[in-house]
Amino acid sequence: MPKIEPRGTESKFWRYAAPVLALLLTGVTSSLIFAAMGRPPGLTVYTFLIAPLLQQDGIQALVVKAAPLIMMGVGLSLAYRANVWNIGTDGQFTLGAICGGGVALACPDVTPWVLFPAMMIAGAIGGMLNGGLVAWLRIRFNANEILTSLMFAYITQYLLVYLVTGPWRDPQGFGFPQTALFSDNALAPRLIADTNVHIGILLAPLIAVALWFMLEKTLLGYRFRVLGQATRAAKFAGFSENRLVWIAMLISGGLAGVAGLLEATGTLGQLTTNLSPGYGFTAIIVAFLGRLNPLAVIPAGLLLALTYLGGDAAQINLGLPNAVTGIFQGILLFYLLGCDLLLLNRIRWIPAR
Amino acid sequence: MPDPTPPGPLLTMTGMTKQYPGCLANDHVSLTVERNQIHALLGENGAGKSTLVKTIYGVVKPDAGEIVWEGRKVAIQNPRHAQRLGIGMVFQHFSLFEALTVTENIALGLASANDRIGLRDRIVRISNEYGLPLDPARMVHDLSVGERQRIEIVRCLLQNPKLLIMDEPTSVLTPSEVQKLFVTLRRLAAEGCSILYISHKLQEVRSLCSHATIMRLGRTVGTCAPAEKSVKELAEIMINMPLNVLAPRPHAARAAPPRLVLDKLTIRSPHYFGSGLENISLSLAGGEILGIAGIAGNGQSELMDALSGEILADRPESVLIDGVAAGHMGPHDRRRLHACFVPEERNGHAAVPTMTLSQNAFLSGFTRQALVRFGTIDTKKTSAFATNIIKRFDVRTTGPNAQARSLSGGNLQKFLVGREILQNPAVLVINQPTWGVDAGAALAIHEAIVALAQAGAAVMIISQDLDEIFALADRIAVIAGGHVSPPIPMRDATIESIGRLMGGRTATLEEMATAR
C-alpha cells in the first residue's frame with residue numbers, strides 16, 4: 001500500500017523534477033486516450049508534438065503562438081506569487097484587443113509611428129480596466145477575484161461578439177462576424193518581412209526578464225512575495241495589501257491586454273469572434289508549468305504553444321477532434337498540480353498486511 | 001466507581017517511540033501513573049510531552065511501545081476508544097463553538113443522541129459538585145477563558161473518567177482561579193480519578209503533584225517527588241544545565257521624558273468575537289520597562305497591532321512616539337520614528353517561515369537599516385545585517401541563508417528580538433517575549449531587553465507570564481477585557497493584587513453565576 005508522509009522540508013530535486021514527471025505522465029495518459037480512440041499512440045504523439053516543428057515555418061508559427069502565452073503567463077506568475085488569483089486573463093486579452101482595435105478602426109490613416117504606439121497604450125488600458133475592476137471589487141466588497149475575473153472573461157467575450165456582429169461589423173464582410181481588416185499602418189511591426197513574426201516575439205522575453213528582475217531583486221517584488229507567503233507578515237512590515245492587489249491586477253491585466261492587441265494586429269489583422277481560442281486560460285497552465293518563475297515561463301509558453309499547433313495537425317492528419325488540445329492541456333494541468341504533492345511529501349510503499 | 005478495582009498501576013507505558021519527519025519526538029519513553037495520583041509531566045517546549053499524551057488519548061499512533069491500562073495491554077485506536085477506556089483530556093486550545101451555548105457545545109461532543117437526555121441537569125449537578133460553576137444556557141463567546149476551560153473539564157467528567165489529562169491548564173487562569181482549579185483536581189484524585197498534569201510552571205507542580213516524570217529531548221530523564229525538590233533543582237533536571245537567573249537591577253527613576261505615550265487609545269476589534277481596546281492611557285519614559293500582564297485573549301494582540309500600526313488608531317494624537325502624533329501612521333513610518341516591534345506569533349507574523357533569515361532580516365529592518373538602493377534590495381548589506389544578528393544573539397543556525405522555519409522556536413525568537421534590538425529603537429514593544437522558548441534562550445532575551453532599557457529605550461513587554469514581568473519590569477499594568485489598569489511600581493505589586501486585576505470581568509461573571 002502506498003503511504004504519503006510529509007518530508008518536513010521542500011525537496012530541491014522535485015522542485016525541478018515534478019514538471020518533468022508531469023509531462024511524462026501527460027504523454028502516457030494521452031497515448032492511452034488516443035489508443036482508446038483507435039489511433040496508434042506513437043504516431044499520434046509524433047503528430048501532436050514533433051511534426052509541427054518539422055513543417056516549413058514550423059518554428060515561426062511556434063514563436064508567434066507562444067508570444068501572447070508568455071506575456072500573459074509572466075503577468076499571472078507575478079499575481080499568483082502574491083496570492084492574487086486572476087483567472088480572467090482571457091477577458092483582459094479580449095478587452096485589450098477591442099480597445100486597441102477600436103483605435104485602429106477609428107483612425108486607420110494616421111502614420112504608424114503614432115498609430116501603433118497609441119494602439120498599444122489603448123490595449124494595455126483595456127486589459128488594465130478589466131483587471132482593475134476585479135481589483136476594485138475585491139478591495140471594496142471583498143469579492144473573490146477568482147469568480148469576478150472569470151465572470152468578466154465571459155462578459156468581455158460577449159462584448160466582442162456584440163461589436164463584431166453589430167456596430168463594428170465589416171459592411172463588405174458578407175455578414176461574417178468580423179470587423180474590416182486593419183489598415184497597414186495599424187498592423188504590428190514585423191521582425192521578418194512577409195511573415196507573422198511581429199515585435200511581440202521580441203517583447204515577450206524582454207517582459208519576462210524585466211518582471212523576473214522586479215520580482216526577485218526589487219523591494220516591490222519582495223512585497224509581492226511576502227504577501228503571497230504570509231499575509232500577516234506583510235502587514236507587520238507595513239506593506240499595503242490593497243495597493244499590491246491593485247498593482248498585481250493592473251500588471252497582469254495590462255500585459256494580457258497588450259498580448260490581445262498583438263494577436264489581433266500581428267496574426268489576425270482584424271477582430272473576429274475567434275480572437276482567443278482560450279489563450280487566457282492556457283496562460284494559467286503556462287504560469288504553473290513555469291513554477292511561477294517568469295524566466296521558466298518562456299519554455300513553458302513554447303510548450304503550450306506547441307499543443308495548439310499539434311491540435312491543428314492532429315485534426316488535419318488524423319481526423320481527431322479539435323478538443324484534443326484542450327484535453328491535453330487539461331491532463332497536463334492536472335498532473336502538474338498533482339505532482340506538486342511530491343514537493344512536500346514522499347510516497348513510501350508499505351507491504352500490505 | 002462501582003467496578004472492583006484490579007491491583008497495580010492505572011497506566012503503564014514502556015518504550016513509547018514516535019518518529020516525525022526530521023524529529024524523534026518520543027524515544028523509548030516510559031511513564032507510570034498510579035491510581036488516585038496527581039502526576040506531573042515536566043519538560044521544556046519540544047521535549048515530547050504533547051506527543052506522549054496525544055498517544056495516550058489516541059490522537060497519535062506510536063511507532064513502537066506498549067501501553068498497559070488497568071493491567072491489560074491495549075492499543076488505543078482513537079479518542080473515542082480512549083474515552084470508552086476512561087481517559088479524558090482537556091487540551092490547551094479549546095474546541096468550542098463561540099456562537100453556541102454551553103449545553104450545545106457539550107452535546108456536540110457526545111457519542112450518541114441518548115446521552116443528551118437530561119444533559120442540562122447533569123451539567124449543573126457535576127459543575128456544582130466539583131466547584132466548577134457554569135450556566136448551561138450561556139453562549140460561549142460571553143465566557144471568560146477560565147469558564148471555557150470549565151466546560152472542557154465538565155465535558156470530560158460527564159464520561160466518568162479514571163484518568164484526566166490536562167495540558168498546561170493554568171496558562172489561561174488568574175492566580176485565584178488556579179487555586180480553585182487545584183481544589184477541584186485534588187478532590188477528583190481523592191475520588192479515584194487520576195490526573196496527568198502537564199506544565200512548565202514548577203511552583204504549581206510542587207504544590208499540586210505528588211509525582212513527576214521529567215522529559216528532555218524526547219526521552220524520560222527521571223522521576224521524582226516534586227515537593228522534595230526546589231524549583232531550581234527541577235528546572236535544572238529539565239534543561240540539564242545550571243540555571244542562571246537574571247541579575248537584579250536598580251529600578252529606573254522616572255525622571256526621563258516620555259518616549260511612548262498612549263492617550264485614550266480606543267480600537268474596535270476587527271474580529272467578531274475579538275476584544276477591542278477602550279480608553280487606554282499610558283506613558284513610558286526612556287530607560288523604563290513597563291510590563292502588561294493579563295490572561296490570553298483580553299486585547300493583547302489588539303494592543304500590539306495598535307502600537308505597531310497594523311491597526312490605525314482613531315485619532316493621530318492617541319499614540320505619541322517621541323512626541324510625534326503617530327496614531328494614523330503605518331508600521332513603516334513608526335519605525336522611522338525609532339519604534340520597533342516583536343509580535344507574539346513568530347511563524348507568519350514576525351517572520352515568513354519559508355523565507356531565509358536574510359530575507360526575514362529585511363522584512364522589518366529595511367527601513368531603519370537602509371537596505372534598499374534605488375528600489376532594489378541591497379543583498380550584501382542585508383546578509384551582513386542578518387549575520388550580525390546571528391552572531392550577536394547566538395542564534396544556532398547554518399547561516400543567513402537558512403529558512404526561518406528550520407530554526408527551533410527559541411532560536412528564531414532570539415533572531416527576531418535581535419533583529420529589532422540591533423536597530424537601536426527608542427521604543428520597543430514585545431508581545432510574549434519568551435513564549436515557547438527554552439530557558440537558555442529566554443535568559444538571553446531577558447538580558448538583551450534589560451540592556452536596551454539601560455541604554456535609554458522605553459520598553460513595553462506584554463506577557464502572560466507573571467514571573468517574567470516580575471523579573472523584568474519597573475512598573476506593571478494589567479490588561480483585562482480591553483481595559484488597561486493604571487500602572488503601579490513593581491515594589492507595590494503583589495501576585496494577589498495583580499491576579500485580582502487580571503480577573504477583571506471574570507470575577508463579576510462568577511459572582512453572577514454563583515448568585516443564581
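**Figure 1. A salt bridge between D305(B) and R232(A) in the predicted model.** In this predicted model, R232(A) and D305(B) form a salt bridge in which the closest N and O atoms are 3.0 Å apart. Between chain A and chain B, the count is two salt bridges. Side chains of opposite charge can pair when their charged atoms come close.

**Figure 2. The interface between chain A and chain B.** Here 21 residues of chain A are in contact with 27 residues of chain B. About 2000 Å² of area is buried between the two chains, and carbon and sulfur atoms give 63% of this area. Three residues, Y222(A), R232(A) and F236(A), supply 38% of the area that chain A buries against chain B, which is more than any other three residues supply. R232(A) also forms a salt bridge with D305(B).

**Figure 3. A salt bridge between R291(A) and D340(A).** The side chains of these two residues meet with an N to O distance of 2.5 Å. R291(A) lies in the loop between α11 and α12 (294-318) of chain A, and D340(A) lies in the loop between α13 and α14 (341-344) of chain A, so the pair ties together parts that are 49 residues apart in sequence. R291(A) has a relative accessible area of 19% and is buried, because buried means under 20%. D340(A), at 26% relative accessibility, counts as partly exposed.

**Figure 4. Salt bridges within chain B.** The side chains of R419(B) and E420(B) meet in a salt bridge at 2.9 Å, N to O. R419(B) counts as buried at 1% relative accessibility, and E420(B) is buried at 0%. D394(B) and R396(B) also form a salt bridge, with their closest N and O atoms 2.9 Å apart. D394(B) is partly exposed, with a relative accessible area of 40%, whereas R396(B) is exposed, with a relative accessible area of 55%. A network of salt bridges links D263(B), K264(B), R315(B) and E317(B). Over all chains, the structure holds 24 salt bridges.

**Figure 5. The surroundings of F281(A).** F281(A) is found in helix α11 (residues 279-289) of chain A. At 30% relative accessibility, this residue counts as partly exposed. When residues up to four places away in sequence are not counted, F281(A) touches I87(A), D90(A), L150(A) and A153(A). R346(A) is 65 residues from F281(A) along the chain, and the C-alpha atoms of the two residues are separated by 30 Å.

**Figure 6. The second largest pocket.** This pocket has a volume of about 1900 Å³. Its lining is made up of 48 residues, and E10(A), R15(A), R81(A), E216(A) and Q229(A) lie nearest its centre. Helix α1 (residues 12-36) of chain A gives the most to this lining, with six residues. The lining residues divide into 22 nonpolar, 16 polar and 10 charged.

**Figure 7. The largest cavity.** A search of the whole structure finds two cavities of 30 Å³ or more, and the largest cavity has a volume of about 50 Å³. The residues that line the largest cavity are S30(A), I33(A), F34(A), M37(A), V324(A), I327(A) and F328(A). Helices α1 and α13 (323-339) of chain A each supply at least two residues of this lining. By type, the lining of the largest cavity divides into six nonpolar residues, one polar residue and no charged residues.

Methods
Residues numbered from 1 in each chain as written. Chains lettered and ligands numbered in written order. Predicted model: local features only at pLDDT ≥ 70, side-chain atom pairs only at ≥ 80, totals over all residues. Heavy atoms only, no water. 1 Å grid on protein atoms, 1.4 Å probe; cavity = no way out; pocket = protein on both sides within 12 Å on 5 of 7 lines; lining within 4 Å. Points joined across faces, edges and corners; volume = space filled by probe spheres on them. Helix = DSSP H or I, 4+ residues; strand = E, 2+ residues; numbered from the N terminus. Nonpolar A, V, L, I, M, F, W, Y, C, P; charged D, E, K, R; others polar. Buried < 20%, exposed > 50% of the residue type's maximum accessible area, 1.4 Å probe, protein only. Contact = heavy atoms within 4.5 Å. Buried area = accessible area lost by both parts, 1.4 Å probe. Salt bridge = Lys/Arg side-chain N within 4 Å of Asp/Glu carboxyl O.
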